[in-house]
Amino acid sequence: MAKVSINLATGSIQKENIIVGIDLGTTNSLVAFIDPDKNPKVINDTGKGVLVPSVVHFGAAGDITVGNEAKGFLITDPQNTVFSVKRLLGRSYADVKNYQNFFSYKIIDDDSENLVKIKVGDKFYNPIELSGLILKELKERAEHALKTPVNRAVITVPAYFNDSQRQATRDAGKLAGLDVLRIVNEPTAASLAYGIGLNPEETKTIAVYDLGGGTFDVSILQIQNGIFEVLSTNGDTFLGGDDFDRAIADYWIDKNNIDKAELAKNRELTQELRLKAEEAKKAFAHQSLFNEKIGDIWCTIDRNTFEELILPKVQQTITACQNALKDAKLTITDIDEVVMVGGSTRTALVKKMVAEFFGRPVHDGINPDEVVALGAAIQADVLAGNRSDILLLDVTPLSLGIETMGGLMDTIIPRNSKIPTKAGRQYTTSKDGQVNMKIAVYQGERDLISENRKLAEFELKGIPAMPAGFPKVDINFILNADGILKIQAIELRSGVKQEVEVKPAYGITDDLVEQMLMDSITHAKDDVSARMLIEAKTEAEQMVYTVERFLEKNGQLLNPDEISETKIHLEALKAALSTGDKDLIHAKIDELNNFTRPFAERVMDVAISTAMKGKSIDGEE
Ligand code: ADP
Ligand code: MG
């Protein structure tokens, strides 16, 4: 039961538990909530419309506008108008430099490993701040429309978003003054809006086709026991309704014999043509001919021509659907439902081709540009405790682990693990009296950490001095439902503890994930032999260390011959170490081991007799 109380200031009903659902889109963003009748509803703040274009404009006087008003500045003030910021969220300059031309605003490349920054006027903004501005606008609209403070939200992200992009989305929410309770995958939200997955009894496999303004993705989800699992995703981050607009604009440019070089200099006209083209595209929902003018430029096109122009693009999305099925190891007949998402699925040809491909009618009953936000509101309602238990589940794309001796990767959570998940392992120190332990967290499939991606590094400090191998350090990885990783390290003997929430180094691309997986396959054989060599070397180094310590501490228990022969074995092992021959190293380890084993027994005997003596003295007293 949601609590209801009266807001004394406004006299309105205060919905204490209100949690809104937010679709933070590349092109458009919007916010939805569950109305008192328990229906999800998009928020339409009086006269402003439902969709808030994801555009931010910075005025000369320091004024900031977001949404429709800002969109107008794309024509008149493009350098100070930021759009498509979602593409930059959680990305490094290295990730985006190949499409710098796409943006009309300035992207800074001061350090290619760092977060992208955007320069507007003489100020710098990062994509988190910019997304935060959009979220703040949505929050304010919701507060205005609902007449109640809104502090909690569920925000959606594409299924292919990686940890750092999800974290960046969370951070953006925080900046906007929102407590982000959950990051939910867009296809999951869309399914929820259609009521798919709400019944914990049902098992279904569904395809969610999302064609937005500038991006396309298709996800195959499996829903079982109210758990959503992403089986695969595919798509193209540079394919969407904008391409349709561009196709129409190019067609007009051609028909009107407009000089392309001249037009390139005229940003304003270019944008005007694009906006007119978008108008034409939308008009085809209810008419088959569009006929208007910009000045003396004829902007005429019929629906058939439009469909011919966009056919190759739509075909591309169908190929992606095919690939998604293949990756999920499924065929068309395995798909129970197809859900349409994104404003561009209003285009009749898109709907037709998707339905034909899957051989079934598609779900398109809910407004495709609202469906994600509506689903997010349902998820918010679930979190508010107003619905039966629905869980959201994803899979980690890459393995997570830590660096162990010799620079080897020790995987703790293997790739494709369902999240949320928790896994751990016990480690120890390698040096006597070691009081600090470095814990370096990596992501990737390779045996060597140098080939993987570093996520974090911290030190467990204050381990009481003990001989090497004595401390017991439990390292636990907790990957929560949002894909955010918490690492806990605890030394069990002393209780010394350290916990770190990974802010993954920003900027991993889908391409990179794919590349990392490919590399792990092509290098599998080399990696195995590299690992074996490193393990041999580590063991040898540990052995050298132990024996040298032994000679220092217990040298008096050995006779001079034993000492010199031990040293000969030691030198032989050190020499083997430098050859990089794993078999030779193992042979020398064995020799040294066999030779020194009796000494260890001698130490034990001495220790025991000392202890006995102590006891007897004690006994006499
Ligand atoms: P995103 O998820 O990328 O933020 P949306 O789902 O809001 O994007 O989709 C925006 C795209 O939908 C734009 O390219 C817009 O032109 C297109 N669109 C909106 N309405 C229609 C329509 N009636 N017909 C065709 N395309 C449309
Ligand atoms: Mg969208």
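I started with two helices: G241, F244, D245, R246, I248, A249, W252 and I253 in α6 meet L273, R274, K276, A277, E278, A280 and K281 in α8. By class, I noted eight nonpolar, one polar and six charged residues in this contact (Ala, Val, Leu, Ile, Met, Phe, Trp, Tyr, Cys and Pro are nonpolar, Asp, Glu, Lys and Arg charged, the others, Gly among them, polar). Contact means heavy atoms within 4.5 Å.

A reminder to myself: this is a predicted model, where local features need pLDDT of at least 70 and side-chain atom pairs pLDDT 80 or more, while totals for chains, interfaces and linings use all residues. Residues are numbered from 1 along each chain, chains are lettered from A and ligands numbered from 1 as written, and side-chain values use heavy atoms, without hydrogens and water.

How do the axes of α6 and α8 cross? I found that the axes of α6 (241–255) and α8 (267–283) come within 8 Å and cross at roughly 110°, so the helices are roughly perpendicular (65 to 115 degrees). Axes are lines fitted to C-alpha atoms over the stretch in contact, with angles from 0 to 180 degrees between N-to-C directions. Helices are DSSP runs of H or I, at least four residues, and strands of E, at least two, numbered from the N terminus.

Next I looked up T215, in the loop between β15 (204–211) and β16 (216–224). T215 is buried, at 13% relative accessible area (buried is under 20%, with a 1.4 Å probe and protein chains only). Beyond four places in sequence, T215 touches residues including R87, D210 and D236.

Note on methods: Parallel < 35°, antiparallel > 145°, perpendicular 65-115°, else oblique. Buried < 20%, exposed > 50% of the residue type's maximum accessible area, 1.4 Å probe, protein only.
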